[in-house]
Amino acid sequence: MEQGKAKMIVELGQEDGLSDEVLLNRLQKKIGVSPERAKEYLYEYGKQLV
């Protein structure tokens, strides 16, 4: 569940042109992950742009 939410936050945020910093903050606030985990999600899901 957490991974699905993280993927959605990253993908939609990047489509809207949000910076990595904003995305990291959203991941931490919306799904309650640590800064380190937020960076992992950003790296994992942020590279999947088509």
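Student: Is Tyr45 buried or exposed?

Tutor: In this predicted model, Tyr45 has a relative accessible area of 7%, and because anything under 20% counts as buried, Tyr45 is a buried residue.

Student: And which residues does Tyr45 touch?

Tutor: Leaving aside residues up to four places away in sequence, Tyr45 touches Gln3, Ala6, Lys7, Val10 and Gln14.

Student: OK, how many aromatic pairs does the structure hold?

Tutor: The structure holds one aromatic pair. The two rings are those of Tyr41 and Tyr45, whose centres are 5.8 Å apart and whose planes meet at 15°, so the pair is stacked.

Student: Where do Tyr41 and Tyr45 lie?

Tutor: Both belong to helix H3, where they are four residues apart, which is about one turn of the helix. Tyr41 also counts as buried, with a relative accessibility of 1%.

Student: What lies over the face of Tyr41?

Tutor: That is Arg37, which is placed 4.1 Å from the centre of the Tyr41 ring.

Student: Which residues of H3 are buried, then?

Tutor: The buried residues of H3 are Ala38, Tyr41, Leu42, Tyr45 and Gly46. Around the helix axis they cover an arc of only 105°, so they sit on the same side of H3. The other side of H3 has Glu36, Lys39 and Tyr43 as exposed residues.

Student: What do the buried residues of H3 pack against?

Tutor: They pack against H1 and H2.

Student: Switching to H2, which of its residues are buried?

Tutor: In H2 the buried residues are Leu23, Leu24, Leu27 and Ile31. Viewed down the axis of H2, these residues fall within an arc of 100°, so they line one face of the helix. They pack against H1 and H3, while the face turned away from the buried side carries the exposed residues Glu21 and Lys29.

Student: And what follows H2?

Tutor: Gly32 comes after H2, and its phi is positive, near 70°.

Student: Last one: which residues make up the largest nonpolar core?

Tutor: The largest nonpolar core has twelve residues, among them Ala6, Ile9 and Val10, then Leu23, Leu24, Leu27 and Ile31, and also Tyr41, Leu42 and Tyr45. Helix H1 (2-15), helix H2 (20-31) and helix H3 (35-46) each supply at least two residues of this core. As general background, nonpolar side chains in soluble globular proteins tend to be buried together.

Key. Residues are numbered from 1 along each chain as its sequence is written. This is a predicted model: local features need pLDDT of at least 70, side-chain atom pairs count only at pLDDT 80 or more; totals for chains, interfaces and linings use all residues. Side-chain values use heavy atoms; hydrogens and water are left out. A nonpolar core is a set of buried Ala, Val, Leu, Ile, Met, Phe, Trp, Tyr and Cys residues joined through side-chain atoms within 4.5 Å. Buried means under 20% relative accessible area, exposed over 50%, partly exposed in between (1.4 Å probe, protein chains only). Contact means heavy atoms within 4.5 Å. Rings of Phe, Tyr and Trp (its six-membered ring) pair if their centres lie within 6.5 Å; planes under 30 degrees apart count as stacked, over 60 as edge-to-face and the rest as tilted. A charge sits over a ring if NZ of Lys or CZ of Arg is within 6 Å of the ring centre and within 35 degrees of the ring normal. The arc is that of the directions from the helix axis to the C-beta atoms.
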